Each structure stands twice: as C-alpha cells, then as structure tokens.
Amino acid sequence: MNLSTTLEQALKDKLKSIESEKWVKENKKAIKAYNNFIDANGCFSDEYRKF
C-alpha cells in the first residue's frame, strides 16, 4: 500500500465533499426557486417524455 497515494486520494475526496456542500449552501435559494417553479409549471420537456 502506498501511504502517500492513499492520503492524497483521501484529501481529494474530502475537498470535493467540502466544495460540494459549499456549492449547495451558496445556491440554496436558487435551487429552491427552481424546484418551486417546476412544481408550479412542470418541466419544459414533460410533453415530450415517453417514460
């Protein structure tokens, strides 16, 4: 087992997780507004979906 490689991958995974959580927090209002719009109006492609 290569300890350096293992540690490097663990750090990358942790940073990716932190950035993802940060993005969701920063965009919470926009995500909620979009979800409310879709709930009220449906998705633009609903009429074309076959599933």
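The following dialogue explains how to read several features of this predicted model.

Me: What span does helix 1 reach from its first C-alpha to its last?

Reply: The expected span of a helix is 1.5 Å times one less than its number of residues. Helix 1, with 24 residues, reaches 34 Å, close to the 34 Å expected. Helix 2 (residues 28-41) has 14 residues and reaches 20 Å, close to the expected 20 Å.

Me: What is found at the N-terminal end of helix 1, and what follows helix 2?

Reply: Asn2 caps the N-terminal end of helix 1, a side-chain oxygen lying 3.1 Å from the backbone nitrogen of Ser4. Helix 2 is followed by Gly42, whose phi is positive, near 80°.

Me: Which residues form a salt bridge?

Reply: Side chains of opposite charge can pair when their charged atoms come close. A salt bridge is a side-chain nitrogen of Lys or Arg within 4 Å of a carboxyl oxygen of Asp or Glu. The structure holds one: Glu8 pairs with Lys12, their closest N and O atoms being 3.5 Å apart. Because these residues are four apart in helix 1, about one helical turn separates Glu8 and Lys12.

Me: Is Asn41 buried or exposed?

Reply: Buried means under 20% relative accessible area, exposed over 50%, and partly exposed in between (1.4 Å probe, protein chains only). Asn41, in helix 2, counts as exposed because its relative accessibility is 51%. Glu8 is partly exposed at 44%, as is Lys12 at 48%.

Me: Why does helix 2 lie largely in the open?

Reply: Of its 14 residues, the number buried is zero, so helix 2 lies largely in the open. In the protein, buried residues make up 2% of the 51 residues.

Me: What is the radius of gyration of the protein?

Reply: The radius of gyration is taken over C-alpha atoms, and the globule rule is 2.2 Å times the number of residues to the power 0.38. A compact globule of 51 residues would have a value near 10 Å, but the protein has 19 Å. Its C-alpha trace spans about 55 × 30 × 10 Å along the principal axes.

Terms used: Residues numbered from 1 in each chain as written. Predicted model: local features only at pLDDT ≥ 70, side-chain atom pairs only at ≥ 80, totals over all residues. Heavy atoms only, no water. Helix = DSSP H or I, 4+ residues; strand = E, 2+ residues; numbered from the N terminus. Polar contact = N/O pair within 3.5 Å; in protein donor to acceptor, adjacent residues only side chain to side chain.
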